Amino acid sequence: MAHSLADQISTILHEFDSRIHAATTLEQLETIRIHFIGRSGVVSSVMDALKQASLEEKRLYGPQVNTLKNHINEELERKKLEFITHLQAQQEKSARAFDVTARIWQPLHGTLHPYTQVIQELEDIFISMGFAVVDGPEIETAEYNFDALNIPADHPAREHHDTFWLNVPGLLLRTHTSNVQARTMRQATTFPIAVFAPGRVFRNEALDASHEFMFPQGEIMFIDKNVSLANLMAIAQSFLQKFFNKQDLKIRVRPGYFPFVEPGLEIDGQCPFCTQGCSVCKRTGWIELLGAGLIHPRVLKAGSIDPEVYSGFAMGFGIARIAMIKYGINDIRVFHSNHLPSLQKF
Ligand code: FA5
């Protein structure tokens with residue numbers, strides 16, 4: 001018995017020393033701990049055996065088993081600390097290798113297209129002035145785009161609209177948002193009629209810094225009894241003041257020709273950027289902004305409205321043009337260029 005206890009103690013010691021020496025992870029240390037000093041580990045079975053031994057053997061081997069147990073405990077603790085210190089050192093090292101000045105790629109955020117943003121801004125302005133926002137078709141009949149607007153087939157004004165005709169006779173891509181005029185009049189059941197119609201229009205013309213073949217326009221139409229040029233000018237001035245954020249912005253009016261209005265006007269706005277003249281207003285202090293006029297009696301009739309009872313005004317403008325002025329863009333082609341640095345200004 002004595003011999004076998006002594007053997008057991010020494011075998012356990014050697015086995016433990018070699019296993020702990022080979023251990024490389026905390027998990028392995030735990031397995032070793034359970035195997036040697038766990039509740040049913042090998043040291044427990046030696047202690048059980050010692051309980052059966054004689055008093056003399058207990059005196060001799062008891063302290064040896066205790067020393068063995070202490071040795072195992074201490075070694076496990078020492079090795080554990082060693083592993084943890086090593087792990088911490090590794091973590092610190094990798095933290096130090098983190099370059100806080102390194103460039104991070106910022107995620108690209110999508111935004112609404114500048115045209116959409118400007119149209120929303122215009123809609124807010126006109127809604128605040130009591131206008132309803134209406135839509136018109138981009139594929140239009142010659143009737144609404146031309147005839148109902150007092151531009152019959154033989155009218156020279158048709159020549160000025162470089163029209164994209166479709167293969168279907170009588171159909172075209174609308175050349176202006178004025179196509180909503182007669183459509184809206186025919187649908188109206190109550191007065192006043194007050195509408196704002198933004199949307200895309202198409203013209204088959206040569207492209208340059210201020211001309212696109214597809215661009216947005218805005219149309220404003222107001223019809224009631226006794227509508228006058230004074231009403232037109234008040235709305236035009238108020239709209240431009242709001243859009244350019246300049247409460248004292250003045251307008252001036254020149255004669256202009258559009259077959260669907262009589263009299264027809266060109267409305268200029270005071271340059272919102274200068275008092276003396278700058279490059280935006282070509283040193284004149286004024287910028288051409290709106291085509292307008294009192295709706296021609298023939299157009300009212302085409303819209304089933306009696307010109308003896310009602311009158312109205314209409315205004316139209318290039319949304320791209322006013323957006324370019326407001327946001328300092330000097331080439332209209334930027335809007336459909338997919339050129340991110342320019343588009344991201346919005
Ligand atoms: C018209 O289209 C009229 N329907 C406006 C109108 C409405 C007058 C109601 C009277 C009453 P005009 O052809 O001038 O008018 O075009 C209006 C604006 O559209 C121009 O001032 C310009 O800003 C813009 N525009 C015209 N052609 C182009 C183009 N190719 N590219 C970009 N913008 C354009």
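## A walk through the predicted model

At 0% relative accessibility, Asn179 counts as buried, where buried means under 20% relative accessible area, exposed over 50% and partly exposed in between, with a 1.4 Å probe and protein chains only. The structure is a predicted model, in which local features need pLDDT of at least 70 and side-chain atom pairs count only at pLDDT 80 or more, whereas totals for chains, interfaces and linings use all residues. Residues are numbered from 1 along each chain as its sequence is written, and side-chain values use heavy atoms, with hydrogens and water left out.

Asn179 sits in the loop between strand 3 and helix 8; helices (H or I, at least four residues) and strands (E, at least two) are DSSP runs, numbered from the N terminus. A polar atom of the Asn179 side chain lies 3.1 Å from the backbone oxygen of Pro137, a polar contact being a pair of N or O atoms within 3.5 Å, of which, within protein, one must be able to donate a hydrogen and the other to accept it, while residues adjacent in sequence count only if both atoms are side-chain atoms. With residues up to four places away in sequence set aside, Asn179 touches Gly136, Pro137, Glu140, Tyr144, Asn145, Leu149 and Arg174, where contact means heavy atoms within 4.5 Å.

The loop between strand 3 (171-173) and helix 8 (180-187) also holds His176, which counts as buried because its relative accessibility is 4%. The side chain of His176 reaches the backbone oxygen of Asn145 at 3.1 Å, and, apart from neighbours within four places in sequence, His176 is in contact with Asn145, Leu149, His161, Val201, Arg203, Gln217 and Phe260.

His176 leads on to the ligand, since of the 20 residues around the ligand, His176, Ser178, Arg203, Glu205 and Glu212 come nearest; a residue is near a molecule or strand if one of its heavy atoms lies within 4 Å of it. An N or O atom in the side chain of Glu205 is 2.4 Å from a nitrogen atom of the ligand, whereas Glu212 places a backbone N or O atom 2.9 Å from a nitrogen atom of the ligand. In the side chain of Gln217, an N or O atom is 3.0 Å from an oxygen atom of the ligand. Taken alone, the ligand exposes 680 Å², and the protein buries 84% of that, with accessible areas taken from the Shrake-Rupley method with a 1.4 Å probe and, for residues, only the protein chains shown counting as cover. At least two residues of the shell around the ligand come from each of strand 5 (214-224), strand 8 and strand 9, and strand 9 gives the largest share, four residues.

What lies behind these elements in nonpolar terms? In soluble globular proteins, nonpolar side chains tend to be buried together. The largest nonpolar core has 45 residues, of which Leu122, Phe239, Leu290, Met315, Phe317 and Phe335 touch the most other members; a nonpolar core is a set of buried Ala, Val, Leu, Ile, Met, Phe, Trp, Tyr and Cys residues joined through side-chain atoms within 4.5 Å. Two or more residues of this core come from each of helix 5 (114-128), strand 4 (193-202), helix 9 (229-243), strand 7, strand 8 (286-295), strand 9 (311-318) and helix 11 (319-327). Phe239 touches Leu122, Ile125, Phe126, Met129, Leu290, Phe317 and Ile322, not counting residues up to four places away in sequence. A second, separate core of 20 residues includes Leu29, Phe36, Val46 and Phe83.Strand 7 (residues 261-270) contains Glu262, which UniProt, in an unreviewed entry, lists for "binding site"; UniProt positions are given in the numbering used here, feature names are shortened, and annotations may be inferred rather than shown by experiment. A cis peptide bond, with omega about 0°, joins Glu262 and Pro263, and Glu262 touches Leu294 and His296, not counting residues up to four places away in sequence. The peptide bond from Phe191 to Pro192 is cis as well, with omega near 0°, and Pro192 lies in the loop between helix 8 and strand 4.

Asn226, in the loop between strand 5 and helix 9, has a positive phi near 60° in a residue other than glycine, and Asn226 is exposed, with a relative accessible area of 70%.
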